[in-house]
Amino acid sequence: MRVFGCRSTRVLIAIVLTTCGTVRGRADDADVVKVDGAKVDVVKIDFAKQVGPILEHHCLKCHKPGNAKGDLSLATAADLRESGALSPGSPDESYLLEIVTPADENEPPEMPKEGDPLTAAQRDVLRRWIAGGADWPAAVVLREPSLADGSWWSLQPLADADPPEVPDAPADWRTHPVDRFIVATLREKGLQPSSQASRRDLIRRATYDLLGLPPTPEETAAFEADDAPGAWERLIDRLLESPHYGERWGRHWLDVIRFGESRGFERNEIINNAWPFRDYVIGSFNDDKPFDQFVREQLAGDVIGGDDRAVAVATTFLVCGPYDDVGNQDPAQAAQIRANTIDDIIRGTMEACIGLTVGCARCHDHKFDPIHQTDYYALYATFAGVTHGSREVGTAEQRQRRTEQLAPLTKSRDELQGQINVFEKTIGERADAKAADIAQHWTRPPLQRTSTEETFEPTAAKFVRLVVEGAENDPRSRSGYRVDEFEVWTDGEDSRNVALASAGGRATGRSRVAQDFADAYSADLTIDGRFGARWIASTPDLTIELADVQTISRVTFSSDRKGDAGSNGVAAFVSEYRIETSTDGEEWKAVADSHDRQPVNEAHRRYRLEQAVITKEQRRKLSDLRKQLGEINRQIAQVPALPVWWVGSFTRPAGPFHVFVGGDPQKPGDTVTPASLTLLKDVAPPSAEMATPGQSRAALAEWLVDPHNPLSPRVLTNRVWQNHFGTGIVATPSDFGAMGEPPTHPQLLDWLARRLITPEAEGGFGWRLKPLHKLIMMSQTYQQSTAPREAALSIDAGSRLLWRFPPRRLSAEEIRDTMLQITGNLDTAMGGPGFRLYRYLQDNVATYVPLEKHGPETYRRAVYHQNARASQVDLMSDFDCPDPAFAAPRRSATTTPLQALTLMNHSFTLDMAAALAERIELDVGADDSSAQAEHGFVLAFGRPPAPAERVASAGLIEQHGLPAFCRVLLNANEFVYLQ
């Protein structure tokens with residue numbers, strides 16, 4: 001090849017040609033081109049800039065740790081070397097290059113299987129990189145690129161733009177900053193804002209939004225009559241000061257963080273001591289606690305709160321989600337369950353606070369957002385010391401006071417226990433000395449769970465009784481043992497089991513009660529001829545009544561006839577017994593016992609020996625000491641205990657912590673340390689590594705509310721906006737990532753978020769929500785009418801651009817609470833343990849049976865309902881009250897036939913209709929149907945009826961009665977929809 005031109009030009013051309021693969025040579029650290037006999041060094045292939053992006057975009061989807069198809073990972077230099085797919089310096093001998101190069105230009109290459117094949121230029125880059133030695137800096141780790149990167153809108157610093165000027169907007173839309181942002185967007189879309197709503201609609205809207213309750217008729221009338229300037233602002237101020245505000249807005253937060261009062265999963269046992277957290281949340285909203293402090297307390301209240309119970313309770317946030325407490329004995333499964341538990345904490349925390357689906361990085365780097373798997377496991381290390389459960393909560397003074405009260409009692413208890421121990425030791429020593437003599441009488445083998453048989457002289461019997469003198473688990477106990485089958489055999493060659501229920505036998509004996517299945521452990525199981533299900537005794541005897549008198553000579557009984565129960569207590573048997581028979585059920589004769597059998601275990605052996613040598617005086621003295629000990633223990637139990645709340649416990653977990661390759665705890669990968677996410681490292685500095693797990697949580701909380709972290713204020717502001725307008729500026733309130741919806745008004749969102757977190761001394765809100773509510777509600781945007789306009793609907797059917805106020809259906813809680821309020825039955829007591837709209841039944845698993853009748857004890861606000869997971873509650877579940885098994889950042893609003901049926905026919909609705917009729921009669925009398933109709937409209941809808949409505953309603957009352965009319969009111973669309 002000949003190159004023309006001056007030397008510098010020829011060198012430049014040579015470099016270009018080399019890049020295109022036309023002219024090549026090789027040196028140790030650079031490509032070399034000879035031009036007119038001169039060697040020209042060409043810049044070496046930059047792996048990170050040239051080779052890495054090719055592998056990331058074309059190969060890493062399949063060939064990465066945890067998903068190394070063909071046992072080939074291309075994430076690190078070590079992975080590639082170990083694969084043998086590369087021969088540095090020899091491109092033609094490298095399998096990697098071979099499989100991405102088509103054998104025929106008309107055929108696709110073997111790889112990649114998915115996506116576009118490499119271009120000729122990309123293959124040439126790989127060839128020259130391999131030819132040059134395939135240098136791969138050890139620090140460079142390749143990652144499959146996510147859909148969004150660090151330039152994603154929600155990861156950018158909060159914008160600092162002023163509200164736009166809109167000189168052509170209606171005059172009353174030009175001053176409020178929210179209105180200026182909204183109307184500017186409306187102008188761009190060719191839309192006009194709506195006129196202001198009526199006073200009646202505004203007070204109902206504001207009262208429901210802030211309190212979750214309707215205004216009273218008196219409050220509505222007063223507001224409609226208040227023509228003094230500032231009436232609307234005074235209304236908002238009054239509502240924000242109401243204690244009902246915390247009940248309403250605390251419920252929103254409880255939805256977001258999946259707060260539930262049962263454990264979930266298979267057992268789903270109820271939690272009766274999580275309610276203090278619900279009260280903490282309500283109180284925090286009522287106090288307008290700065291939200292950054294609210295977050296700190298919930299993540300690390302045990303660290304920052306010290307002995308302050310009002311702060312320590314906040315860590316329920318970490319353990320208020322579902323968790324599996326079955327207790328799997330398989331180490332691998334137990335590790336997986338633990339990983340699932342920590343995953344729930346990570347997801348719940350990060351989705352609530354920063355609106356990112358961090359949990360998607362559990363098994364691999366996030367496919368859509370720039371969250372690495374190492375980020376996920378850094379959070380895993382942060383929360384690894386958190387364990388679900390209850391913990392004693394109290395101040396140092398309270399602990400000291402209780403210790404002082406207990407001191408004399410525990411001293412007496414220890415002294416009594418010491419005396420008992422001395423007696424038992426003396427008896428034990430004597431028993432040991434005589435053990436050989438006593439044991440020589442134990443000539444038969446010990447009884448067996450699988451089958452224990454007793455034979456005796458033929459005897460006539462209609463009744464056979466097993467009298468238990470000791471249980472396998474505790475030789476002193478006479479209950480708690482199991483029997484899966486008890487057989488009574490007739491004498492002779494054709495022996496028959498006459499105890500069977502099919503043969504007319506009947507079994508009696510008190511059983512353990514399973515509330516959710518009355519006969520789960522019935523004595524009938526002992527004579528059903530089947531093995532597996534067991535009678536669990538709560539009495540020392542089992543009596544079998546035969547169909548008629550039989551001559552019998554053998555009994556056989558067991559607790560694990562099939563031998564598959566293992567060594568646990570599922571099939572715990574008896575340890576000592578006797579068999580008795582009777583012909584009339586009055587006079588009994590002992591025909592066999594276990595006294596000459598060998599003991600079933602060491603505890604049984606010790607008990608037998610001690611009983612053989614103890615004297616009458618020692619027995620009396622021991623009985624007396626144990627009675628005294630019982631009395632002392634009773635007094636100890638009466639000393640008021642410190643509160644025990646479901647706030648979790650915190651320990652230092654055993655490190656080091658690792659990435660779980662593919663999300664599998666059995667495949668530890670790279671080590672990690674507690675830290676925050678790296679995706680904001682250029683905006684909000686990562687949280688510092690701390691010495692203790694609690695400090696790591698506190699550091700994470702500080703990162704979450706760092707003023708430079710743009711996610712937390714955006715997410716929080718959006719949640720507030722959503723709960724005023726039905727949909728947030730971002731319609732996916734817990735997903736601000738690539739799979740979420742983009743914001744409709746990004747500049748407004750940032751302006752509000754910045755105002756929210758700006759310190760109060762600088763004119764901001766200092767993370768307080770009440771000023772944010774007021775700012776939004778004072779806008780014309782919020783005060784618009786809901787009236788539809790056909791032209792506007794054709795452009796923005798969902799009212800997302802807010803050309804009108806979006807109407808909404810009331811939530812399940814609002815519907816129920818409104819019924820109670822307008823009937824005068826609402827119990828406004830705040831705080832404390834909740835009520836239940838179900839009957840709780842618990843044995844091995846929990847069952848929640850909806851109540852058919854909701855009594856006055858349930859007439860509190862719905863936020864105080866003890867919400868259990870996987871429980872259906874009439875009316876509440878029907879109207880989309882979410883199951884706390886999952887976070888509910890935005891309530892559903894379905895329309896189903898069951899909703900209509902519930903409002904029409906449920907006993908609660910009928911009771912409320914009757915109660916509303918009673919109130920109307922009490923208020924306006926029983927004779928004037930027109931006045932009754934008007935008062936009913938005012939109570940239910942906040943307005944008087946139109947003339948035609950008044951006539952029709954009065955006619956309905958006269959024909960069908962006042963309760964029927966009230967039932968119609970509670971079923972009206974106007975009752976459950978807010979304008």
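Modeller: Gladly! Let us start with phenylalanine 181, which sits in helix α6 (residues 177-188). Please keep in mind that this is a predicted model.

Colleague: Why is phenylalanine 181 called buried?

Modeller: Buried means under 20% relative accessible area. Phenylalanine 181 has a relative accessible area of 6%, so it is buried. Leaving out residues up to four places away in sequence, phenylalanine 181 touches Ala161, Asp162, Pro163, Pro164, His745, Gln747, Leu748 and Trp751. Histidine 745 is 564 residues away from phenylalanine 181 in sequence, but their C-alpha atoms are 7.6 Å apart in space.

Colleague: What makes α17 roughly perpendicular to α19?

Modeller: The axes of helix α17 (residues 396-433) and helix α19 (residues 602-613) cross at roughly 95° and come within 8 Å. Angles of 65 to 115 degrees count as roughly perpendicular, and therefore α17 is roughly perpendicular to α19. On the α17 side, the contact is made by Ile427, Gly428, Arg430, Ala431 and Asp432, and on the α19 side by Arg606, Leu609, Glu610 and Val613. These residues divide into 4 nonpolar, 1 polar and 4 charged.

Colleague: How do you know that helix α16 (residues 373-383) is largely enclosed by the rest of the structure?

Modeller: In α16, 10 of the 11 residues are buried, so the helix is largely enclosed. Among the buried residues are Tyr376, Tyr377, Leu379, Tyr380 and Phe383.

Colleague: Which residues of helix α9 (residues 231-240) are buried, and what covers them?

Modeller: In α9 the buried residues are Ala231, Trp232, Leu235, Ile236, Leu239 and Leu240. Their cover includes α7 (199-211), α8 (217-225), α10 (244-256) and α24 (769-777).

Colleague: What makes tryptophan 232 a buried residue?

Modeller: The relative accessible area of tryptophan 232 is 9%. The cut-off is under 20%, so tryptophan 232 is buried. Apart from neighbours within four places in sequence, tryptophan 232 is in contact with Leu202, Ala206, Phe223, Met777, Met778, Tyr782 and Gln783. A polar atom of the tryptophan 232 side chain also lies 2.9 Å from the backbone oxygen of methionine 777.

Colleague: Why is the link between asparagine 867 and histidine 865 called a polar contact?

Modeller: A polar contact needs a pair of N or O atoms within 3.5 Å, one able to donate a hydrogen and the other to accept it. The side chains of asparagine 867 and histidine 865 are joined by such a contact at 2.7 Å. Asparagine 867 is in the loop between β19 (846-850) and α27 (897-905). With a relative accessible area of 10%, asparagine 867 is buried. Further along the sequence, asparagine 867 touches Arg251, Gly260, Glu261, Ser262 and Pro884.

Colleague: What is the phi of arginine 258, and is this residue buried or exposed?

Modeller: Arginine 258 has a positive phi of about 55° although it is not a glycine. It is in the loop between α10 and α11 (275-286). Arginine 258 has a relative accessible area of 4%, so it counts as buried. Aspartate 288, in the loop between α11 and α12 (291-304), has a positive phi of about 55° and is not a glycine. Its relative accessible area is 10%, so aspartate 288 is buried.

Notes. Residues are numbered from 1 along each chain as its sequence is written. This is a predicted model: local features need pLDDT of at least 70, side-chain atom pairs count only at pLDDT 80 or more; totals for chains, interfaces and linings use all residues. Side-chain values use heavy atoms; hydrogens and water are left out. Axes are lines fitted to C-alpha atoms, for helices over the stretch in contact, and angles run from 0 to 180 degrees between N-to-C directions. Helices (H or I, at least four residues) and strands (E, at least two) are DSSP runs, numbered from the N terminus. Angles under 35 degrees count as roughly parallel, over 145 as roughly antiparallel, 65 to 115 as roughly perpendicular and the rest as oblique. Contact means heavy atoms within 4.5 Å. Ala, Val, Leu, Ile, Met, Phe, Trp, Tyr, Cys and Pro count as nonpolar, Asp, Glu, Lys and Arg as charged, and the others, Gly among them, as polar. Buried means under 20% relative accessible area, exposed over 50%, partly exposed in between (1.4 Å probe, protein chains only).
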